[in-house]
Amino acid sequence: MRKMTLGCQGKRIIGTRLGWVGFAWSQHGIMAVTLPKASEATALSGLPTTGPETGIPAWLDVDDLAGRLQRYFEGVAVQFHEPIDPDLGTRFQRRVWAITRTIRRGMTRTYGDIAREAGSPGAARAVGQAMARNPCPVVVPCHRVVGHDGRLTGFGGGLAMKQQMLDMEEASPQ
């Protein structure tokens, strides 16, 4: 059994059209992504602390990921296939995040849809909690998850940011 990750191995802050975005990684996967912030310092403060430096893992092309995040916030359709650090979240949260990663750009799903797909049909609120604890927004596109009636509900970046991201993707109910 692997030791729990104590801190991220590396991090990067990049400028995007909407503000400063940070991301952090360990040897095992992406650990965090910040939504656009007004300053580099604010984006940096949203990332986990750095652990021992052991080099960039083979699975990660830091410049490519940075470029895709920048293009995403320019409205370009990009995909994120990087693994999420498996030490993050509970088993249920990791399952919910994996399902959320399958929601295609321009589409939305409800919390209930995801609960059913996760094998817990009555757990829409638990899905909402998993979304609230999502450490990697955009890579795990929690902004594409909406209320049962299609209304926007909870989002760490605020509902205006959620709407802006959905508009940028020209999202519609699936």
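A salt bridge is taken here as a side-chain nitrogen of Lys or Arg within 4 Å of a carboxyl oxygen of Asp or Glu, and the legends below apply this to a predicted model.

**View 1. The salt bridge between R109 and E117.** The side chains of R109 and E117 meet with an N to O distance of 2.6 Å, which falls within the 4 Å limit and therefore counts as a salt bridge. R109 is buried at 13% relative accessibility, whereas E117, at 38%, is partly exposed. By this rule, the salt bridges number 7.

**View 2. Helix α2 and the elements around it.** Helix α2 spans residues 62–72, and its buried residues are V62, L65, A66, G67, R68, L69 and Y72. These buried residues pack against the strands β1 (10–16), β2 (19–25) and β3 (30–33), and also against helix α6 (159–169). At the start of α2, a side-chain oxygen of D61 comes to within 3.3 Å of the backbone nitrogen of D63.

**View 3. The salt bridge between D63 and R12.** D63 pairs with R12 in a salt bridge whose closest N and O atoms are 3.0 Å apart. This pair links distant parts of the chain, since D63 belongs to helix α2 and R12 to strand β1, 51 residues apart. D63 is exposed, with 53% relative accessibility, while R12 is partly exposed at 29%.

**View 4. The salt bridge between R68 and E82.** The side chains of R68 and E82 form a salt bridge at 2.2 Å, N to O. R68 lies in helix α2 and E82 in the loop between α2 and α3 (91–100), so the pair ties together parts that are 14 residues apart in sequence. R68 is buried, with a relative accessible area of 10%, and E82 is likewise buried at 9%.

Definitions and conventions: Residues are numbered from 1 along each chain as its sequence is written. This is a predicted model: local features need pLDDT of at least 70, side-chain atom pairs count only at pLDDT 80 or more; totals for chains, interfaces and linings use all residues. Side-chain values use heavy atoms; hydrogens and water are left out. Buried means under 20% relative accessible area, exposed over 50%, partly exposed in between (1.4 Å probe, protein chains only). Helices (H or I, at least four residues) and strands (E, at least two) are DSSP runs, numbered from the N terminus. Contact means heavy atoms within 4.5 Å. A polar contact is a pair of N or O atoms within 3.5 Å; within protein, one must be able to donate a hydrogen and the other to accept it, and residues adjacent in sequence count only if both atoms are side-chain atoms.
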